[in-house]
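Here is a friendly briefing to read alongside the chain you are about to see. Have the sequence and the 3D view open, and follow the topics in any order you like.

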Amino acid sequence: MPIAVPQGVDVAITGEQITVKGANEAPSAIVTPATGGEDAVSIPITLRGSDSDGSIASFTIESLPAHGTLLLGGVPLAVGSVVPAGAGSASLSFVPDADWN
């Protein structure tokens, strides 16, 4: 019987019983609210996450906020941008559109 095992997963096969150890668990995001003034120069945003299997290496931007620009180190981010993480978090900034409220 052929068996496909994902890389990094320990598998013990004994007779007809298969035991999978160390299955990869999905990481989870931690909600971190941010607020700022309507005409703020920028609003600090912190992305946070946790992973029971290890550390968070990066975040991938899946959607962008409306009415402004999301920045990493002053550089605008796009959908699909990969943001490196340190200690399970990353610091961004949001610049709201002028007079948006």
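**A briefing on the chain**

Alanine 40 counts as partly exposed, at 23% relative accessibility; buried means under 20% relative accessible area, exposed over 50%, and partly exposed in between, with a 1.4 Å probe and protein chains only. The model is a predicted one, in which local features need pLDDT of at least 70, side-chain atom pairs count only at pLDDT 80 or more, and totals for chains, interfaces and linings use all residues. Residues are numbered from 1 along each chain as its sequence is written, and side-chain values use heavy atoms, with hydrogens and water left out.

**Overall layout**

- The chain has 9 strands and 0 helices; helices (H or I, at least four residues) and strands (E, at least two) are DSSP runs, numbered from the N terminus.
- Along the sequence, the pattern reads β-β-β-β-β-β-β-β-β.
- Of the 101 residues in the chain, 19% are buried.
- Among contacts with a separation of 6 or more, 49% are between residues 24 or more positions apart; contact means heavy atoms within 4.5 Å.
- The accessible surface of the chain is about 7200 Å², and carbon and sulfur atoms hold 55% of it; these areas come from the Shrake-Rupley method with a 1.4 Å probe, and for residues only the protein chains shown count as cover.

**The nonpolar core**

- The largest nonpolar core has 11 residues in all: Ile43, Ile45, Ile56, Phe59, Ile61, Leu70, Leu77, Val83, Ala90, Leu92 and Phe94.
- By a nonpolar core we mean a set of buried Ala, Val, Leu, Ile, Met, Phe, Trp, Tyr and Cys residues joined through side-chain atoms within 4.5 Å.
- In soluble globular proteins, nonpolar side chains tend to be buried together.
- Leaving aside residues up to four places away in sequence, leucine 70 touches Ile45, Ile61, Leu64, Pro65, Val75, Pro76, Leu77, Leu92, Ser93 and Phe94.
- Serine 93 sits in strand 9 and is buried, with a relative accessible area of 17%.
- With residues up to four places away in sequence not counted, serine 93 touches Ser42, Ile43, Ile45, Thr69, Leu70 and Leu71.

**The largest pocket**

- About 460 Å³ of space lies in the largest pocket; a volume is the space filled by probe spheres set on the grid points, which are joined across faces, edges and corners.
- A pocket here is an open set of points on a 1 Å grid over the protein atoms alone, where a 1.4 Å probe fits, with protein on both sides within 12 Å along at least five of seven lines; lining residues have an atom within 4 Å of a point.
- The lining has 21 residues, and those nearest the pocket's centre are Ala29, Thr46, Leu47, Arg48 and Phe59.
- Strand 3 (28-30), strand 4 (43-50) and strand 5 (58-60) each give two or more residues to this lining, and the largest share, 5 residues, comes from strand 4.
- By class, the lining holds 12 nonpolar, 7 polar and 2 charged residues; Ala, Val, Leu, Ile, Met, Phe, Trp, Tyr, Cys and Pro count as nonpolar, Asp, Glu, Lys and Arg as charged, and the others, Gly among them, as polar.

- Proline 84 lies in strand 8 (residues 82-84) and is exposed, with a relative accessible area of 56%.
- Not counting residues up to four places away in sequence, proline 84 touches Ala57, Ser58, Leu72, Ser89 and Ala90.
- Proline 84 and isoleucine 56 are 28 residues apart in sequence and 8.8 Å apart in space, C-alpha to C-alpha.
- Alanine 87, in the loop between strand 8 and strand 9, is exposed at 86% relative accessibility.

- Histidine 67 is in the loop between strand 5 and strand 6 (68-72); its phi is near 65°, a positive value in a residue other than glycine.
- Histidine 67 is partly exposed, with a relative accessible area of 40%.
- Aspartate 99, in the segment after strand 9, also is not a glycine and has a positive phi of about 60°.
- Aspartate 99 counts as exposed, at 56% relative accessibility.
- Alanine 40 belongs to the loop between strand 3 and strand 4; alanine 40 and aspartate 99 are 59 residues apart in sequence and 9.7 Å apart in space, C-alpha to C-alpha.
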